Every structure is written in structure tokens, then in C-alpha cells.
Protein chains: 4
Amino acid sequence: MIVMKAGATDTEIQNVVEEIHKYGLAADVSRGEFRTVIGLVGDERKAPFSHFALLPGVKEAMMIDTPYKLISKEYGKLSDSGNEFRPVKVGNITVGGDELVYIAGPCAIESKQQLFKIAEGVKRAGAHILRGGVFKPRSSVHSFQGLGGNGMEEAEEALSWLREAGDMYEMPVITEVRGETQVDLTARYVDIMQIGSRNMYDQDLASAIGRKQKPVLFKRHFGAGIEEFLSFAEYIAAEGNKDIIMCERGIIPVGKGKNFTRYTFDLAAIPVIQKETFLPVLADPSHATGRRDLIFSMSCAAVAAGASGLMIESHYDPKEALVDGSQMITPDELKEVIDACNRVHAIMSPVKR
Amino acid sequence: MIVMKAGATDTEIQNVVEEIHKYGLAADVSRGEFRTVIGLVGDERKAPFSHFALLPGVKEAMMIDTPYKLISKEYGKLSDSGNEFRPVKVGNITVGGDELVYIAGPCAIESKQQLFKIAEGVKRAGAHILRGGVFKPRSSVHSFQGLGGNGMEEAEEALSWLREAGDMYEMPVITEVRGETQVDLTARYVDIMQIGSRNMYDQDLASAIGRKQKPVLFKRHFGAGIEEFLSFAEYIAAEGNKDIIMCERGIIPVGKGKNFTRYTFDLAAIPVIQKETFLPVLADPSHATGRRDLIFSMSCAAVAAGASGLMIESHYDPKEALVDGSQMITPDELKEVIDACNRVHAIMSPVKR
Amino acid sequence: MIVMKAGATDTEIQNVVEEIHKYGLAADVSRGEFRTVIGLVGDERKAPFSHFALLPGVKEAMMIDTPYKLISKEYGKLSDSGNEFRPVKVGNITVGGDELVYIAGPCAIESKQQLFKIAEGVKRAGAHILRGGVFKPRSSVHSFQGLGGNGMEEAEEALSWLREAGDMYEMPVITEVRGETQVDLTARYVDIMQIGSRNMYDQDLASAIGRKQKPVLFKRHFGAGIEEFLSFAEYIAAEGNKDIIMCERGIIPVGKGKNFTRYTFDLAAIPVIQKETFLPVLADPSHATGRRDLIFSMSCAAVAAGASGLMIESHYDPKEALVDGSQMITPDELKEVIDACNRVHAIMSPVKR
Amino acid sequence: MIVMKAGATDTEIQNVVEEIHKYGLAADVSRGEFRTVIGLVGDERKAPFSHFALLPGVKEAMMIDTPYKLISKEYGKLSDSGNEFRPVKVGNITVGGDELVYIAGPCAIESKQQLFKIAEGVKRAGAHILRGGVFKPRSSVHSFQGLGGNGMEEAEEALSWLREAGDMYEMPVITEVRGETQVDLTARYVDIMQIGSRNMYDQDLASAIGRKQKPVLFKRHFGAGIEEFLSFAEYIAAEGNKDIIMCERGIIPVGKGKNFTRYTFDLAAIPVIQKETFLPVLADPSHATGRRDLIFSMSCAAVAAGASGLMIESHYDPKEALVDGSQMITPDELKEVIDACNRVHAIMSPVKR
């Protein structure tokens, strides 16, 4: 990492970047209010820091040999006027700001009518961002794969409904991108691109999505430790995109025998990631528990743990849903969750941060 | 399970019990306000329920073939005037009642002076019950095993300090019992006997402690699913002792690579156990996280998830502690935790239950 | 699944396929020596089996509602003259036949010279197939990503060396494909396309690779149960490609505390997959253990468990390697492993199968 | 650890022991053929090694600050004439010697007749040691707990049958001890005392059993990493008892979804423990897989991995068994397993060691 002097000129910065390139590394230039910091992308052990330290305009040059440095608290603090957190703006919504942000909608988009009806419901309940699955990751090739499973035309149609519903109800929209060939199409329609749990380890997808320079919601793989979760988020940051929203959604239940929940909701991951990075962290109680009757308490718990918001699957009639009916709640139930969570957040926010 | 008629007489109840014994089973007689229910302890498949159903005073007789039935919500509701929860009384403290209960104190008792100083501190901070380890379970035989590791005399001395400190600061006291030979001695000194995580699967210890008819705090093994946790609590209940306080304290972290916490705090276990049984559930953020800086947020999260209280390790000078210094907080920090948790609880309690 | 009569005509078969298409499903036509079986790809619950059963040439029509049916033992037996196993042919090598097959080579291709030197060594040691990584999946974006990390030109150059080395030393070649954009290029150069552990859940990649109709080596994700492993292999089979070689390579170590190996080598997965499917199963002791000194014993154990062969990382000078040096063995050590494994296999083969 | 000079006298050794006691530590005196080594039991950080080094007869004094030192390879080598392995003798059977050792018998003893019939069968099949459960650890208090569950008289009767069967068929006998109150009784009847998986973390039980100075079979907990497994074996060794036979029996299956086996058989634990300690290691394929049809292949795999023998549940009619019927094999099947394993062992033994 190279910290520039307060008054470093653009030419000096450009010069440092070129020096970095000479050693086969890329440069991440992060211009803060008071200071510019340049991160090295690639294996820093090849780089001559003592040489960099002597370049004009350089204040300090040091090796940071960790798998996640561009999203680290230290790097963020140095480059961003000493702020500990860096919210992600999506339209007029701020993820990681003072207010909690709620993302809600159906697991899978099934029809235009279904989507609009749910969009209206979750908006009324207080949601800020509309979700809807087009490309559904499924364990069985023989199951419904979302409308995207029927080909790119149907996918595009579903994406256009999502865009339209978001515009009508004034909510930015998010959908999951499961494969590289879906990136371009999806980027044209949505405000946030989601990388799902099953794709967390797919570094090529992360890079391709990162390059779109749109906000990314990045979900933890159910088999990943936190360090790996952060290390793969770094693939997005390495493309110069730091609008990354981390999302805890449950890990493999390890207890022997019956566990009663679909995954283990690792809520301690929330404060841990907040201490390690400057990124906002959401929680997804729907997938973590897989149980409608646990959404209320686990949503409040996630907010108490410090989550900046929640992603909750919602449907006007969960029993009718083609996918994940057992974990979806109605818009009325969503409203209760939002009200309680906001009250918990009001207690927590002055105490923490 | 045999449900007696509302006006069943003692003789009729006694008669049913004797019939049960004839089939090699034991009987758990649970007398509620309106109704008496008799649970069968042992393999119910041997029992002739159609015969039982015809005995005088019997309303209904049905087989319940699950590993935990004496602590189940259904059994509790039938026998206890329809109440969903059955608080555990310890002195004038009610665990599982309207107020949160805080258990605090040092990981290990090191000296009388250390214990009294901490007792004074945690009392002042708002704790209700005093903890202190005498028989410490340790991974290495070469580590400090608590004063109980120096023989039964030292153990008894430490237990007497604990009793004295509890009396002086008006807090019931709790300590962990690690082996069967420690049961009698410990039962003479403490109000709650704790079975620690490592001993959860030790059914002989659970039975021996259960027979003491004192409240038991029962901690989940770090490798146990929830069903196994409940099934082993049933060993205590099978001794006629239902004053069981369940405690979630973290399970093995399963994520690949570095996880940043000592265990994974499975907070969803709290509402799950509350749905499956009538027992109160506490949470132990100290062992679950192993990190002092996470105690505050994870305590609030546990309370939001519905915990009836917390068990927190506290020390006036954590750095000095012989065991677990990295996870203990000071009495002043404890007070902040208690204040915040009480405020979260105030939001949650009218909404839930 | 639809079982055709012994003498069913092509027209009858075609007719059944078209009927299946009418219900939004795809058809997998499997022509065995004596009989043709047609599998339904998609949600069979939509299909009218009683209608299918009456079509000309149909012997039997039944719903099989499992996530892996096209690779299942039952489907294989019905369609393939009653054979329990279906070997995969790669050039003149048969994976899953009477002889064990050894895949060996460097973790990552670093230079043409390095690759050829290793190829010569592993050929001499007795290996049948040459491996070499071009697109390396890595936890850190800042680590060496294989020569493919330097762009598609370098990737193609490395792939051409692999092809050349395979041709020179008469070994088919295999490399890992990490992302969809690498599929076309790689398919032009190699005989077997590998889907690595981190990409097991990437269904779009599996489908894209499946469509190439080349043999695929499919590795289990370190967080996947066996059913999920099989279910995602079904994505390849659903493209009409059954030349799938399964590979057990270790799962997340779950034991609390230090485990001494990188992963837990789940050798029981080998006979389990052989009982559930008709596919050959290899084992990768290099990644499973991460320890050079365990390769010998765990290779023999894998063969005793019934593996059809092994994939072993090998390098003339492991200390020099840029990736995974600690788990690679020299060609001389590889020869010892192969000799011992062949002797174990000679004992096992007449007893089993 | 204190290494004495080759000709150190008993008085010098005794003197060192007394010096060690002065610092609150215990001493483990290990007299090898050429040399005596004294291990320190307890927290070595309290001990003045520079002082010890100057005592008469002392060659070297050094701190070894690991949780398992008395069973470590280094300690064994120093004290035992440089031998890497230290077999455990049980009657005229040697566990960890040149020949494989087979322990077989029913999961639970149900009657004298059942036991004798099985004993006859397994002896004929080639087993060396007879097992039979009296005190069965069970997840449900309502399940059959072995004859020991009916009280100490029935327990003693079952133990006497086991002794009698062992004497009649000339096999040493082994049974599991589940609680401290069972130790004295059991020690009077059996040759090897087993600590089962569920009790691995029960340090008081390990100490109590260790003090009996009889061979102990110590099974890994299904949630324990290898280091913890070794650290708790050290509790036995700390009582001066090194006749410890380690046994791998499977760990919690971590893969998401269905796994097809009861536990994950961690065969790499076998060579790892052989590298870390001087203790013999057995494997238990019955509990590890829970499937009769996998016993054959996984037994051979365990032997190929280096196991010194196997513990296999056997019954003349598995379907009739009250406990674990699905994993038991008949004596005839056992014979096939033994024959194949011996042939695999014949290949492995000259190569390794």
C-alpha cells in the first residue's frame, strides 16, 4: 500500500501507478478527502517498497500481505478521511447509513402479475429495495430454475418486469446472477447484482460482475469461513468496484443429528466483518433459517448484532410459491418485522459506532 | 403419555403408576392445576396403551415415541394448565419469567479475594446469579484445572467461598460439575449445578445430577444438533427433575479457513428450543465468541432472539485471569451490556409470547 | 423414465421424445444393447405417465422423482445391458475398467520446460493421463492464478504446451476450467475437462462443459454432501453427456481444534457413489491431505476403498513449485505409490465387483 | 522433559522426581532399555529447567509445552530405545505389532446365549478379542441402555458372561465404561476398558480408568479434531498408564445435504496419529459407516491406511439385534473381511515402517 502526501499531484500519483505496473501489478487508486492511497493488486512480494517510498509525492510505502486488503478497515480509513464505514448508495437508498435497509420480494419471479402484487405489498410494508429471482440456483436440474431457465428471452422479459415494478413502486431492484453469460443482460436491468451463496467461490463471475461497476450484493457460501468470504469479495474490489454489500445467510449446520433449521445463522459474522472491513453487512434470515416462524426473532437478532439491513423473501401467499414457500412471509408479517427491527435499531445505534 | 380425567383421585393415579411399572417402565407424574399427566420413562413400545386407556380415571393414553417427551411443549401444556413455558425458580430469582436473568462471575475461582471482588462488581453491575468455576474442563491435562484440580479439600474450600460470596451479595450461586464423584460435594454448596458443553453427552453425570433435584444449567455440546441437546436434557427430566435451564454456547465453526470466533453462536437454537420444549433458554456469549469485543453485540442479539438471560464471564482485570482472559469483560462493561439488553428485551417481550 | 420394448423402432422412440417435449420436458435417449430407455429431464410431476405408457413401443413408464436419475445405477442398468458400471474412454485409456488409472502432473503449469520435465517423469513412473493447471482457482486475488491469470493468450500458450506434452509422452491431457468464458478455448486443447471443487455448485459451468460432449472430471465441493455432489453431476448428464468421472478430494475438517490435514478425505464416498451411480470414481489424495508424507498411505487406502484410480500432483522439485508445493511428490515417489496401489488393487478386484 | 544420563542411578532418578514435586508437578518416569526419561505432568512453565539440568545424573532438561507430550513420538523415542512404536500387550495378543488384531462381537450383550453364540462365531472367523456392550451410551433415555441400564446386578451378570465367553473361546475381552461409578466393577471383569466416542471429553472418567493400569481403548469423539483426541488421551497417560489403543470411528458428516453414511470415516487420522505418537491405532468401520454393505471396503481401506487392527460389530442375525442391527455383519462376512485385510496388510507392512 502506498500512502501519498496530502498535497500529492495527479502527475505524482500517475507516476506511482506506472511504477507499480512495471512490476506486473495493478494499482487501485483510492482518493479520499484529504489523502490518496494506492493499493497494489497482485503479489506484493515482487514489489520494491523501498524504491516506491522514494518516489515524489509518496509519504509511506508498505507491504500488506493479506488476501483482503482493498476492502480492509485500515485501507478504508487511510483513504477515506478516516471513516470506519463506507456506505453503498443505490439510487436514493443508502446501504450502511443511519437507517436500516430492507430488501424484499419473491424468491422467484413467476409472472408479471405475481411480481407486481408482491412489489406493491412489500413497498407498503416498508421495504426499500425489490428483489426477485430470474436465474435460480437449484440443487436439482429437474427443478424449476426460475424463468431464466427457459432461455434468455424469458429471462429478459422477467428482468424487464422487475425493472418496471421497481420504477412503479420507487424501489431500486436486485436479482441474482448465476453465470458469466448472464452478466451483461442483467446489468442492463437491475441496480444491484447479487452473487449467491453457491457462487461465492466463482472468482471469474465475481470479476465479471465487479467490472460492471454497479453495486454488488455478495452472499457468503454456506461452507466458507469469514476470511474466505472476505478474500473472494476482494475479487470484486480488485476490479475497482468497492460498492460491495456483504450478506450473511447461514452456514452448514454442524451439530450431529437433527438441527431444525436449514442452515446455522452465523450472526457473529456481522460484527466481525464490520471490524475487518469498511463494507456494510446485511443478513438474510429467510435462507438462514428456512422457517417462516423464525423470521421475526432472527431478524431482530441480526439487527441487534449490527446488521445494516435485511433481505427477506416475501409473498402474498407463500403456499402458492414454486420455490421456498416454507420460508417466505406475507407483506403484513414483513411490516411487523420491519417495525420491531427499527425499534431494536434505535436502541443499538447510539450505543455502537 | 397418559392424561388423567380432571377429577382423577390419588388412588387412581397411583393405580396407573403401578400398572406402568408392571411393564418395566417408570412413571413421571406431572400434576397441573387442572389435570394430571403421566409420562412413561423407557421404551413405550412395550406398553399396552389400549389397556391403560381403560383404567379408572384415565381420559386418554397415547404413545409418544420421541427421544424428548418429558420436556416437550405438548407434555408441558397438558400437565401445566396450558402454560407454554415453565420458569425455573432459584431462590427469589425466576429464570424464564418476565425479567432477563444475568449470571456473571469469573471463569475460574482463583482465590477468595478474587472471587469476592468480582462478586461485588457483578452485583453492582446488575447480575442476579454468581458463577465461578472450581472443576474446570480443560483440553490439556497440563493446564490449570481450577482449584478442584488440586484435590477435594481445595475444591470444598473454593465452593465454600462461592457460597459465602453468594450469601454476602445476595445472589444464588452456580458452578460446573464435571464428574460423578463431584456431585454430592457440589450439591451441598451451590444453588444451580451446571453441566458443561464437554459433558453434555455424559448421560451418567446427567442422571446423577438430575437426582439431586436442584436446578440444572445444561449446556449444549459444541458438536451436538438441537435434537441431541434436547434428548440428553431428557436424562435429567427422567429423574423427575424438570428445573432445567438450557444454554446455547456455540458450536464448532464449520466454515473453511479462518472464522475469527471460537465457536459459531447458533442463536436460532433459542427460539427453536422454546418452540420444542417448555424450558427456559439462556445464552453464553463469552464462550460462543471467545472475544471480549463481541460480547456487547452478541448479547443484544441473543436477547433479541428470545433468550431468557445471559451467562457472561466477568473479571475486574481480564488480563490477569488464569483461564479465558480474552473473553472476559469488566463489571463496568457488564453493566453496559445489561442496560442495552434490558432495553432490547423491553421491545421484544410485548411483541412475542 | 420410459422403458421401450425390446424391438421398439426409431419412429416409436422419436414419437415418445416428441410427446415428452409437449410437456415442457427434455428427453435423454439412452440406447443399450438390448433396450432403449428414455429419461425425462425436468420436473416429472408435470408429465402424464399413464398417457406415455400407452404410446406405441413403450413397455413401461414411471416417475422417478430424484435429483439424480440420469446417472443412477437403476437407469444405467436398464439402458446398458444390465451393466452396473459404465467406464469412460479417453483415447486408449479406460477410466473405470479393470486397470487403475493414474492422473499426474504439476498443480500449475509454470513454463514449457517445467511441464515437459514433469510429463517425462510421471510417464516413466507409470501415469496414464497428464494434468496441468492453467486457470488456478485461488482464495486470494493477489496470488498467482496460473498462466491463465495473465490473459487468454498466455492461457492458450500453456494449453498448447499441455497438448504437445501429452502427444509427445502419449498421455491424454486434463486441465481445470474455472469459468464459462474458458470453455471453448480449453475444449480445443484437452481430452478431459475438469470442474474443480470450488466450482461444483456452478451449474451454468457444468452445463456449458457438458455440452462439449467431452469427458468431464467432476470434483466434489468441500462443503457438499454426496447427494448434492451427484445432483450437480446430473447437470452434465442432462446435456446428454455421461462421460463423467467423479472425484473425491476431501471435505471441510469438522473436528474442533487442530486436524493436521487440509481436508477430511471421505473415502466412504467412493463405494457409496459406486452403489448409487454407474460412474467411475477417482480420488485425489494430494488436495485431500495437503501433505506429501500422507500420499502413499492414503492412496493405498483410496484404492482399497474401491477407487478406479488416482489424481496426484507431482513435480520434480516440489519445493520450487509456485502453488501447493507441500503436497506434491516426485516422480520417483509416484512410482512407489503406483506400485503399491496396483498390488492392493490386485487383491481387491477379484473380491469385489 | 528431563533426559537422564545413560548410567543414572535410582537415587539420582528419585532425587529428580522429588525436585519436580517441589514445584507442584507430577513426574512420569519412563525407563527405556538404554535411558530413563522423566516427563513433567502439569504446567511446565512453573518449572526451573536450568536448575533441573544441574542435578546429578541429568543429561538434559527442556520444556515441552504441548498438550500431549507423554504419548508423543519424541518422548517415546527418547525413553524407549529409539522405538517409534510401542505395542500394547493384552494377554497373549499384541496390539500394534506385526499382525493385525481384530476385535469383534455384538454391539450390546442381550443374553448369555446370544453372547456365546457370537463369541464362537467371531473366534471361528479369526477374531482375537471379544467385545460386548453392557453400558450402552444412547441418545434417548427411553431406548434400551444395555443390560447395565437395568442396574448393577444385571451389569455384573453380563460382565461375568463376557469374562466366561472370553475364557472359553480364548479371547481377551473388552467393554465400554460410560461413567465413573462403573469403573471398579468393570475393571474386575475385562482385559481392556473402552472409553467411547461420547465420553472422549470426560476427563474425570479418563483419569479414573487410567488409574486402573489396564489397557484402554480410547475412541475419538465425533466432534473432535485430532489434537484434542491426543490431548485427552494424555489424561490417561498422566496417570502413568501408556497402554492406550487409539481408535478412529468417524466424525460428524459436514457435507450439506444427504451423506449416506452415519459419520465420516477420517482414515487420514490413522497415519497422522502414528506420526504424532507411539500409540497403536485401530479403526471401527461399523460405527463410522453405520452400513453393513460398506464394512468390507472400508475395513480394507483402514488397513491400507495403516491401522493396526479393526473393531467390528458382529452378530449371527443382525436383524434381530436390539441396537445397531443395520451396521453389524455375520461371522461369515467377518471372515471375508479378515482374509482380505490380512492380504492388504501383507502388501503394506514391508513397504511402510
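**Buried cysteines, a buried strand and domain layout**

B:Cys300 is buried, with a relative accessible area of 0% (buried, under 20% relative accessible area; exposed, over 50%; partly exposed, in between; 1.4 Å probe, protein chains only). C:Cys247 is likewise buried, its relative accessible area being 0%. The structure is a predicted model, in which local features need pLDDT of at least 70, side-chain atom pairs count only at pLDDT 80 or more, and totals for chains, interfaces and linings use all residues. Side-chain values use heavy atoms, without hydrogens and water, residues are numbered from 1 along each chain as its sequence is written, and chains are lettered from A and ligands numbered from 1 in the order in which they are written.

Over all chains, a search of the whole structure finds 0 disulfides (pairs of cysteine sulfur atoms within 2.5 Å). For B:Cys300, the nearest cysteine sulfur is that of B:Cys341, 4.2 Å away. For C:Cys247, the nearest is that of C:Cys107, at 14 Å.

In chain A, strand β14 (residues 309-313) has 5 of its 5 residues buried, so it is largely enclosed by the rest of the structure. Strands are DSSP runs of E of at least two residues, numbered from the N terminus. In a regular strand the side chains alternate between the two faces of the sheet. Both faces of β14(A) are covered, with A:Gly309, A:Met311 and A:Glu313 buried on one side and A:Leu310 and A:Ile312 buried on the other. Strand β7 (residues 101-105) of chain A runs parallel to β14(A) and is joined to it by 5 bridges (pairing requires at least two DSSP bridges between two strands). A:Ile103 has A:Met311 as its bridge partner in β14(A).

The domain assignment of chain A gives domain 1 (2-63) and domain 2 (88-352), with bounds from an automatic or database assignment. The C-alpha centres of these domains of chain A lie 36 Å apart.

Terms used. Helix = DSSP H or I, 4+ residues; strand = E, 2+ residues; numbered from the N terminus.
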